[in-house]
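Subject: Structure for you to look at

Hi,

Here is the structure I said I would pass on.

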Amino acid sequence: MEKVKRAMLGMQRQSWEQGVAAQSLIESGYEDDALLLAHDAVVRQDQSGRLGVTGDEKAVTDAASNGEPVLFAYNRTGDEKYKQAALQMADYLLHTAPRAENGALSHLNHKSQVWVDSFYMAPPFLSAAGHHEEAVAQIERFRELLLIKDKGMYGHIWDDGEKRFQRADCWGVGNGWAAAGLVRVIRSLPETMSADKQRLIGYLNELLEKCMRYQRDDGLFHDVLDNPDTFVETNAAQMFAYAIYSGVKAGWVDAGYLDHADKIRSAAHTKVDEFGFVRGVCGSPTFDKSGTATEGQAFYILMEAAAR
């Protein structure tokens, strides 16, 4: 864990990388390290309210992954700058961020596209910030545009201007973002929204059922889940394991899925090299080949924290 954490901190650069890294540190007990990342996300908050922005960032929802760590920093320190930064991030998502025709948050600010990645980036923070209804509404809107019904899995990129998929592939990591995002929203919803919670639990279980059909004998998955011609990839598996361990612990997911998660965890352990890099993940910065990536490190940590 220490090696994986150190390697993660050496590679995180972009807004979503900083947010996902900080989330993994919080859940695994490295709270002081998480506070450092939250601080820097506020230092790099742009005028729109997006947290952790580097350069001319086009992404709309990625920055919101820093929202929960910034709220954590406020609760830990009581420093009002963290509270105000989180409020600005939420205000951007609620009132300023571009949206598709159905109200789904666009993933980009220069073209109307909805990406499956946004399942993880925006709704969990919206719910953590108290905007539970909007978090659920965004999941429903993403699902409306991205779910490929005959497969029960999500396509990657919907172009709302052209009203068609730009990338319909059932990308493994993308479906991992959806599964993990559902987990984070479900556990943050209040009991007064029990009907919504049960519906999202249903979505999570449906997704896990469909995705687990494509688990390989070695415990991993192909980069495009239903395309065995694509490379064997590590991080989608870790994301699914995180969702399974979290869901079983909370009583939302049948314990029978633990066999899938344990097989994944054993496989992931073999992918960590002497420097702490988790190898074989969908690789940064182009994500079209096997390599290393901040989220590959972060979800190893999240998987281990959930398993333990």
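This is a predicted model: local features need pLDDT of at least 70, side-chain atom pairs count only at pLDDT 80 or more; totals for chains, interfaces and linings use all residues.

Residues are numbered from 1 along each chain as its sequence is written, and side-chain values use heavy atoms, with hydrogens and water left out.

**The chain**

The secondary structure comes to 13 helices and nine strands (DSSP runs numbered from the N terminus: H or I of at least four residues for helices, E of at least two for strands). With a radius of gyration of 18 Å, close to the 19 Å from the globule rule for 308 residues, the chain is as compact as a globular protein of that length (the radius is taken over C-alpha atoms, and the rule is 2.2 Å times the number of residues to the power 0.38). Of the 308 residues, 57% count as buried, meaning under 20% relative accessible area with a 1.4 Å probe and protein chains only; exposed is over 50%, and partly exposed lies in between.

**The pockets**

A pocket here is an open set of points on a 1 Å grid over the protein atoms alone, where a 1.4 Å probe fits, with protein on both sides within 12 Å along at least five of seven lines; lining residues have an atom within 4 Å of a point. Volumes are the space filled by probe spheres set on the points, which are joined across faces, edges and corners.

The largest pocket has a volume of about 440 Å³. Its lining has 19 residues, and W16, W115, D117, P285 and F287 are the closest to its centre.

The second largest pocket comes to about 180 Å³. Among the residues lining this one are E27, R187, W252 and R308. Helix α11 (235-250) and helix α13 (294-307) each supply at least two lining residues, and α11 gives the most, with four.

**One leucine**

L94 sits in helix α5 (residues 80-96). Is L94 buried or partly exposed? At 23% relative accessibility, L94 counts as partly exposed. Leaving aside residues up to four places away in sequence, L94 touches R99, L126, H131 and E134, where contact means heavy atoms within 4.5 Å. L105 is 11 residues from L94 along the chain, and their C-alpha atoms are separated by 9.2 Å.

Cheers
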